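Here are my notes for you, written as numbered points. Keep the viewer open and turn the model as you read.

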Amino acid sequence: MPAIEGVNVVMVGPRRPSGHEVDLAATLELIDFHNSTGVKGIAVLGTTAEFVHLDFEERTKLIPLAVKRSRIPVIAGVTHSTLDGSILLGQSAAAAGAAALLVMPPYFFRYQQEEIREFYLRFADAIDGAAPIFLYNIPFFTNEIACDTAIDLMSTGRFAGIKDSSGRWEYYTRLRDLRASKPFTLLIGNDAIFTRARTDGANGVISGVACGVPELMVGLDRAISAKNTAKVAQLEARLQEYIKWLNEFPTPLGVKETTAMRGLKVGPNAVALGPARQRKLEEFREWFKGWLPQVQKEVA
């Protein structure tokens, strides 16, 4: 399997008007687009894709099509509210040729760390080496993988890596220190700390920002690798400008809007905005129209 490193994009998930079915044509167009942007891999059915809105059968149908269509590795989100559901998704994705499986703890109901640890160990047992498994820590939306739990699981050697979306620097540094003695792939999932962590030695990012502005994340990663500190500072400032706007809206609405403004179909929003936020969204669109050409010029 290819290494998961550098800038990987987590795509939005276009849905049909029914709300529970994948818009396959729009999804394949997105895959084609991101195959040409310089990202190293594509993550499907992640948080930015709003996987929770899709029927189980729709998820199992999407992954083989994505793998077949993409010329770069496909990372498959296989999170479910149950262990059995995650296993079925994981086995299906592995059989389809996904480069890696990305699985967060079960969502909605709250579990203690001993249950989360058991969940991952049993998931690994069921997958049985069929595909690399990445832990996915995203405490904003589901049970947290406490840092001690993540360290314990990574120390078993049964997991290829972790995507940490907590945005907490101490969480990252503890995993970084563990990696020195127990090699694994350490990926950032919160774009706000990408530059600092990548400069410090993180293997890469699975980025929602890269869906709406792939050239910014690819250009920033290139500048970091080249140790071009002036360019890094310039593009990091652009990244934080964009993230500040994203934080004005429910996840992942801001990313969907900018992806749509690139001429790509993103499907309906899950929930309508109130009047005040709708006005703010219009401001965001106008800002983005002027901001994007500047970014494209700076990364060229």
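1. Helices (H or I, at least four residues) and strands (E, at least two) are DSSP runs, numbered from the N terminus. You're looking at a predicted model, where local features need pLDDT of at least 70 and side-chain atom pairs count only at pLDDT 80 or more, while totals for chains, interfaces and linings use all residues. Residues are numbered from 1 along each chain as its sequence is written, and side-chain values use heavy atoms, with hydrogens and water left out.

2. Now the overall picture. The chain has 12 helices and 8 strands. Its C-alpha trace spans about 50 × 45 × 35 Å along the principal axes. Of the 300 residues, 55% are buried. Buried means under 20% relative accessible area, exposed over 50%, and partly exposed in between (1.4 Å probe, protein chains only).

3. Have a look at strand β8, residues 204–207. Which strand runs parallel to β8 and is joined to it by 4 bridges? That's β1 (residues 6–10), where Val-9 has Ser-207 of β8 as its bridge partner. Strand β7 (residues 185–188) also runs parallel to β8, with 2 bridges, and here Leu-187 stands opposite Gly-204. To get from β7 to β8, the chain passes through helix α7 (residues 194–200), making a right-handed β-α-β crossover. Right-handed means that, with the strands pointing away from the viewer, the path from the first strand over the helix to the second runs clockwise.

4. On a 1 Å grid over the protein atoms alone, a cavity is a set of points where a 1.4 Å probe fits but cannot get out, and a pocket is an open set with protein on both sides within 12 Å along at least five of seven lines; lining residues have an atom within 4 Å of a point. Grid points are joined across faces, edges and corners, and a volume is the space filled by probe spheres set on the points. The count comes to 1 cavity of 30 Å³ or more, and the largest cavity holds about 90 Å³. Among the residues lining it are Met-11, Val-22, Ala-43 and Leu-62.

5. On to the largest pocket, with a volume of about 570 Å³. It is lined by 27 residues, and Gly-189, Asn-190, Asp-191, Asn-247 and Thr-251 are the closest to its centre. Elements giving two or more residues to this lining are β8, α10 (229–246) and α11 (253–260), and α11 gives the most, with 3.

6. The second largest pocket has about 450 Å³. Of its 20 lining residues, Glu-50, Val-52, His-53, Phe-141 and Thr-251 are the closest to the centre.

7. Arg-69 counts as partly exposed because its relative accessibility is 39%. Between Arg-69 and Leu-89 there are 19 Å in space, C-alpha to C-alpha, and they are 20 residues apart in sequence.

Technical notes: Pairing = 2+ DSSP bridges.
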